[in-house]
Amino acid sequence: MVVGEIKTLIFGAGGMLGTELCAAFPDAVKLRHNDLDIRDRVKVIRLIGSNEPDVVINAAAYTAVDDCEDNREQAFDINGAAPGYIAEGCARAGAELIHYSTDYIFDGSKKEYVESDTPNPINAYGNSKLMGEKNIIKNMDNYRIIRTSWLYGAHGKNFVDMMLMLSGKMDTVKVVNDQFGKPTYAHDLARKTREVVMMPAGIYHITNEGVCSWFEFASAIINNAVPCTSGEFPRKAKRPKYSVLVNTKTTPMRHWRDALAEYLIKRKTMVKL
Ligand SMILES: NC(=O)c1ccc[n+]([C@@H]2O[C@H](COP(=O)([O-])OP(=O)(O)OC[C@H]3O[C@@H](n4cnc5c(N)ncnc54)[C@H](OP(=O)(O)O)[C@@H]3O)[C@@H](O)[C@H]2O)c1
């Protein structure tokens, strides 16, 4: 089967990754938040049934990690229950599901995590996303759950843009140097998703290659970052110290530094326009 010939439906098409998926799957039916709330089980199942897709891609999620602590019900409804409804719809329609999950399902007590490692989330967001994974696996077989980490891209709030903004306003920007992960360019992940559609069902860890701390990541973006500890920069949601996802199932994507360099050039061009 050729990806271009597959009938695809995208939920969350207006988000950071969703917008890149729309470019990677140009012929897909694209649904944004204002087209459909994925918490509406009946509508979700009906919509999947009426479109008869071969593949459904779910990039819709409640991604504000700190806000999830205060809005747990919303987080669990969107990230936990709704993926189960989408899976139900896919199972009934005989469609494959591609769904995105996160490095934050792990607790950071290990230095790196393969796909078969046992999750143990330490914040509400991670717990809600893990519930989403479980509901999918309970409701269907033909799923590909892609766990990714530290996403940035041209179409949403993200760390790279935040660093550039703060750098211009402040003499120095404090960034934590004791949390480690793998920055991932949404554009690369969307392109890679085209390959995953053709791969066997299961859980995948897909990120750009290379591990860094948030401070090291920031230092590749701006020249006035200074390191600090997580203790000096308290957040509402706890973060794992290590959330390094190891990909044992697919060919690796390029190094995060190469992807970042491309994004920074692209961003300059976009700002000028
Ligand atoms: N961002 C990261 O660093 C990161 C890291 C690891 C994994 N992930 C995962 O990667 C996926 C994509 O993330 P992203 O960064 O692209 O997220 P994003 O930019 O926040 O996009 C999520 C989209 O979902 C929509 N949405 C929220 N609630 C909805 C609902 N009830 N019904 C329908 N649509 C709804 C949002 O619309 P509104 O904006 O209108 O609410 C938004 O367009 C998510 O599964 C996320 O958990 C992200």
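Predicted model: local features only at pLDDT ≥ 70, side-chain atom pairs only at ≥ 80, totals over all residues.
View 1. Once its neighbours within four places in sequence are set aside, glutamate 133 is in contact with Ser101 and Ile145. For a sense of distance across the model, the C-alpha atom of glutamate 133 is separated by 39 Å from that of threonine 172, a residue 39 places away along the chain.

**View 2. Packing of helix α4 against helix α5****.** Helix α4 spans residues 72–93 and helix α5 spans residues 124–139, and their axes come within 8 Å of each other while crossing at roughly 15°. The two helices are therefore roughly parallel to each other, since angles under 35 degrees are classed in this way. In this pair, α4 passes α5 in a right-handed crossing. On the α4 side the contact is made by Arg72, Ala75, Phe76, Asn79, Gly80, Ala81, Pro83, Gly84, Ala87, Glu88 and Ala91, and on the α5 side by Ala124, Tyr125, Ser128, Lys129, Met131, Gly132, Asn135, Ile136, Lys138 and Asn139. Sorted by class, the contact of α4 with α5 has 10 nonpolar, seven polar and four charged residues.

**View 3. Packing of helix α1 against helix α7****.** Helix α1 (residues 16–24) packs with helix α7 (residues 186–196) at an angle of about 50°, and the axes of the two helices are 8 Å apart. That angle makes α1 oblique to α7, and α1 passes α7 in a right-handed crossing. From α1, the residues Met16, Leu17, Glu20, Leu21, Ala23 and Ala24 take part, and they meet Ala186, His187, Leu189, Ala190, Arg191, Thr193 and Arg194 in α7. By class, the contact of α1 with α7 has eight nonpolar, two polar and three charged residues. Helix α7 is mostly covered, with eight of its 11 residues buried; these are Ala186, His187, Asp188, Leu189, Ala190, Lys192, Thr193 and Val196.

**View 4. The shell of residues around the ligand****.** The ligand is surrounded by 24 residues, of which Gly15, Leu17, His33, Ala61 and Leu151 are the closest. Helix α1 and strand β4 (96–102) each supply at least two residues of this shell, and the largest share, three residues, comes from α1. In terms of class, the shell around the ligand has 11 nonpolar, 10 polar and three charged residues. Leu17, which is among the closest residues to the ligand, is also one of the α1 residues that meet α7.

View 5. Glutamate 52 is exposed, because 11 other C-beta atoms lie within 10 Å, whereas tryptophan 150 is buried, because 23 other C-beta atoms lie within 10 Å.

Definitions and conventions: Residues numbered from 1 in each chain as written. Axes fitted to C-alpha atoms, helices over the stretch in contact; angles between N-to-C directions. Helix = DSSP H or I, 4+ residues; strand = E, 2+ residues; numbered from the N terminus. Parallel < 35°, antiparallel > 145°, perpendicular 65-115°, else oblique. Left-handed = near helix turned anticlockwise from the far one by under 90°. Contact = placed C-beta atoms within 7 Å. Nonpolar A, V, L, I, M, F, W, Y, C, P; charged D, E, K, R; others polar. Buried ≥ 20, exposed ≤ 12 C-beta atoms within 10 Å, placed from the backbone. Near = placed C-beta within 6 Å.
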